[in-house]
Amino acid sequence: MRAYRSSNTKSGSSSFTTRVAALSLGAAIAAISGSAFAQTINVWSGYPEMAPFYEHVAEGLKEKYPDLTVNVEAIALREHEKRIALGLTSGSAGVTVIELAGSTASRYIENDLLPAAPEAVANFVTNSNNFGEFFVGAASKNGTVYGVPLFRGQGALFYNVDMFEAAGLKEPPQTMEAYTDYAEKLTQRDADGKATVSGWSLRLSGGGQGIAEKFWINLFQYGGSVIEEVSDGKWKANYANEAGRKALKQYLENVHVLKTVTPEMPADAEAFERGQTAMFIRESWVIADIAAKAPDLNYATAPLPVGSIALPANLYVNSVEGEDAEAAWAYVQAANDPENLVWLLDNVGWLPNRSGVDYSVVTDKVPAYGAFVDYPEDYKFFTLPAIGPIEEVLTRLAAQLTNAYGDASLAEDDAAIDAVLAKAAEETNNILKREGLLAE
């Protein structure tokens, strides 16, 4: 955690809402630059790699706001979520800028623990020159803006070019069925046939809802989803079907039949950077991570067969009253300054959500970003619905999936796979029913 200072001089008694110009970020910052802040705000993030960005934003405000202290605290996501739950419900958080996905923020908004954004900030968000409808919706609830969009996680395939060439593969897989074929060809084995380098690193274990999110990405390629909205505000499970069977069976075949990957093998970005897996699906932050940890790695990226998850992270403030809150909302908008967003993409690798910013200085330099910004016109995106129980839905599904992944008897038994999915879907629908969200 580091502290940065920023502030300005007092200019009259007009309210923050009327002082902040709504049409542009520059106008907004300029409008509040006449207030004297000698205050402290916190910035809470669930991604440790985001700390340098938030520190960069604070550093850039030092000249205008020399008397504002900004405490940046970026910790692991699950701990971040626990911290928010405790801090907001107990009222002990102080004035804090909180980084959250809209789906997670929803339950705090429903319980009046996160206020709506000031009018001028809301106008900045809803200006179509700044954000597309998808991102405005993710930062809003029932038509009211609560947060300011910042960055998104968006999946794509990362693959080791040298391993592809050694396996005689000249292009990335174009269908989900091809992913299994590629995984079999790419897997490296010892003399006993045991995999030493996985052909395709699948998320088979780990904490919480991430397992279900990764499953959802694969499921989406087959035309399914964990839940789907049947009517306005009413949902149901959408994976106890052919799409779900294909997605789960692909996991099971790779683990238990083809043995291209096991739960014990190194996984994810760390394994990819060490040459311990040939390909995996992950977000754009991996590009910067590779540059820092494995700069000589010969790799490329590719869009997924049908589309990708896009998980927008927004910045919220837990107050709109007082000078601390004014400073916090000023910081939130400063984070969306074009220079800061280019810095974010270049140095951290998360994809900024703001439109109308020229990112070519980064994309020209790092071709790996191409899969994230240059994709087919019919490419589709989905995100986690902004409903209160979505995390419970995913966490419960993750537990069911983890058990299934470890059950070798399922791998070649479609009826048993269907039964597992039906049981999980029943649990999903019961959660939705309990919350009054189930489509009858």
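Figure 1. D289 and K293 form a salt bridge in which the closest N and O atoms are 3.3 Å apart; the term stands for a side-chain nitrogen of Lys or Arg within 4 Å of a carboxyl oxygen of Asp or Glu. This is a predicted model, in which local features need pLDDT of at least 70 and side-chain atom pairs count only at pLDDT 80 or more, while totals for chains, interfaces and linings use all residues. Residues are numbered from 1 along each chain as its sequence is written, and side-chain values use heavy atoms, with hydrogens and water left out. Both D289 and K293 belong to helix α13 (residues 285-293), where they are four residues apart, about one turn of the helix. Helices (H or I, at least four residues) and strands (E, at least two) are DSSP runs, numbered from the N terminus. D289 is buried, with a relative accessible area of 16%, whereas K293 is exposed at 59%. Buried means under 20% relative accessible area, exposed over 50%, and partly exposed in between (1.4 Å probe, protein chains only).

Figure 2. In the bridge between K141 and E110, the closest N and O atoms are 3.3 Å apart. K141 lies in strand β5 (residues 140-141) and E110 in helix α5 (residues 102-110), so this pair ties together parts that are 31 residues apart in sequence. K141 is buried, its relative accessible area being 17%, and E110 is partly exposed at 44%. The side chains of E228 and K236 also meet in a salt bridge, at 4.0 Å from N to O. E228 is partly exposed, with a relative accessible area of 28%, and K236 is likewise partly exposed, at 35%.

**Figure 3. Salt-bridge network around K214.** Side chains of opposite charge can pair when their charged atoms come close. A network of salt bridges links R203, K214, D268, R282 and E283. K214 is placed in helix α10 (residues 210-221) and is buried, with a relative accessible area of 12%. Leaving aside residues up to four places away in sequence, K214 touches R203, Y251, R282 and E283; contact means heavy atoms within 4.5 Å. D268, another member of the network, lies in helix α12 (residues 268-273).

Figure 4. Most residues other than glycine have a negative phi. N142 is not a glycine, yet has a positive phi of about 55 degrees. N142 lies in the loop between β5 and β6 (144-145) and is exposed, with a relative accessible area of 76%. D268, also not a glycine, has a positive phi of about 65 degrees.

**Figure 5. Aromatic pairs.** Rings of Phe, Tyr and Trp (its six-membered ring) pair if their centres lie within 6.5 Å; planes under 30 degrees apart count as stacked, over 60 as edge-to-face and the rest as tilted. By this rule the model has 22 aromatic pairs. The ring centres of F134 and F135 are 5.2 Å apart and the planes stand at 85 degrees, so this pair is edge-to-face. F134 is partly exposed, with a relative accessible area of 34%, while F135 is buried at 13%. F158 and F280 form a tilted pair, with 5.6 Å from centre to centre and 40 degrees between the planes. F158 lies in strand β8 (residues 156-160) and F280 in strand β13 (residues 279-282), so the pair ties together parts that are 122 residues apart in sequence. Both F158 and F280 are buried. Ring pairs join F158, F272, F280, Y299 and F372 into a cluster.

**Figure 6. Contact of helices α11 and α18.** The axes of helix α11 (residues 242-257) and helix α18 (residues 390-405) come within 10 Å and cross at roughly 40 degrees. Axes are lines fitted to C-alpha atoms, for helices over the stretch in contact, and angles run from 0 to 180 degrees between N-to-C directions. The two helices α11 and α18 are therefore oblique to each other; angles under 35 degrees count as roughly parallel, over 145 as roughly antiparallel, 65 to 115 as roughly perpendicular and the rest as oblique. L248, Y251, L252, V255 and H256 of α11 meet L401, A404 and Y405 of α18. The residues of this contact divide into seven nonpolar, one polar and no charged. Ala, Val, Leu, Ile, Met, Phe, Trp, Tyr, Cys and Pro count as nonpolar, Asp, Glu, Lys and Arg as charged, and the others, Gly among them, as polar.
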